[in-house]
Amino acid sequence: MPISDWPASERPREKLLTRGAAALSDAELLALFLRTGLPGKSAVDLAREVLAHFGSLSTLLSANLAAFCALPGLGEAKYAQLAATSELVRRALAERLVAGETFTSPDAVRDYLRLTLGHRQVEVFSVLFLTAQNRLIAVEELSAGTVNETRVYPREVARRALAHNAAALIVAHNHPGGQEEASRADRELTVQLKAALGLLEIELLDHFIVTRQRAVSFAENGWL
């Protein structure tokens, strides 16, 4: 049955307008983005198939052009729209951090890290430089490596912290393979960073391991 024949209260667009976007399922939200389905399939049906193929929204959002366009009903135009939408979300989250919501809304930091690092195909080490009031000064990627390794030098992190006149840092790196546990190298680097920054009276507030699904905190797990 085409969506136009559904009861008005069940159509995704009408449901969003009357009940808010949070009331929609992942498939319904994606259907609004897709706009149209295929012969014999509504946009919601197509959205369900797309989500089932990719396994999750985060995997869909990080799909490359070839993987995205391989599915019927999708193409370069929709890929461009989806990439633009994802980038708007990343920038909106970055604005929230700049506005000083870092620690009044810690989930904003996790969401930002997942969106910026979770989809990367190689390991990337990123640093959030903060003021004494824990407001964001800048975000920099200081290193990018292979699918399972990146080199980070504590002296470079410290040099950049001094350049930004930062009082505290949050560091993060991604695990493209999806493992959430901190490796021995991850823990040793964290100890070295904390010691080097401590000599400069700069506080290392946290270190996050980022996957497509989660951003795992060293501080919360007692690893810091």
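The legends below describe views of a predicted model.

**View 1. The whole protein chain.** Local features need pLDDT of at least 70 and side-chain atom pairs pLDDT 80 or more, while totals for chains, interfaces and linings use all residues. Residues are numbered from 1 along each chain as its sequence is written, and side-chain values use heavy atoms, without hydrogens and water. The chain holds 10 helices and five strands (DSSP runs numbered from the N terminus: H or I, at least four residues, for helices; E, at least two, for strands). Its C-alpha trace spans about 70 × 35 × 30 Å along the principal axes. Of the 224 residues, 42% are buried (under 20% relative accessible area with a 1.4 Å probe, protein chains only; exposed is over 50%, partly exposed in between).

**View 2. Helix 9 from end to end.** Helix 9 covers residues 184-199. Its 16 residues should span 22 Å at 1.5 Å a residue, and the 23 Å between its end C-alpha atoms agrees with this; the expected span is 1.5 Å times one less than the number of residues. Just after the helix, glutamate 201 has a positive phi of about 60°.

View 3. Asp186, Leu189, Thr190, Leu193 and Leu197 are buried.

**View 4. Packing partners of helix 9.** The buried residues of helix 9 pack against strand 1 (124-130), strand 3 (168-174) and strand 4 (203-210), and also against helix 8 (154-163) and helix 10 (218-221). Contact means heavy atoms within 4.5 Å.
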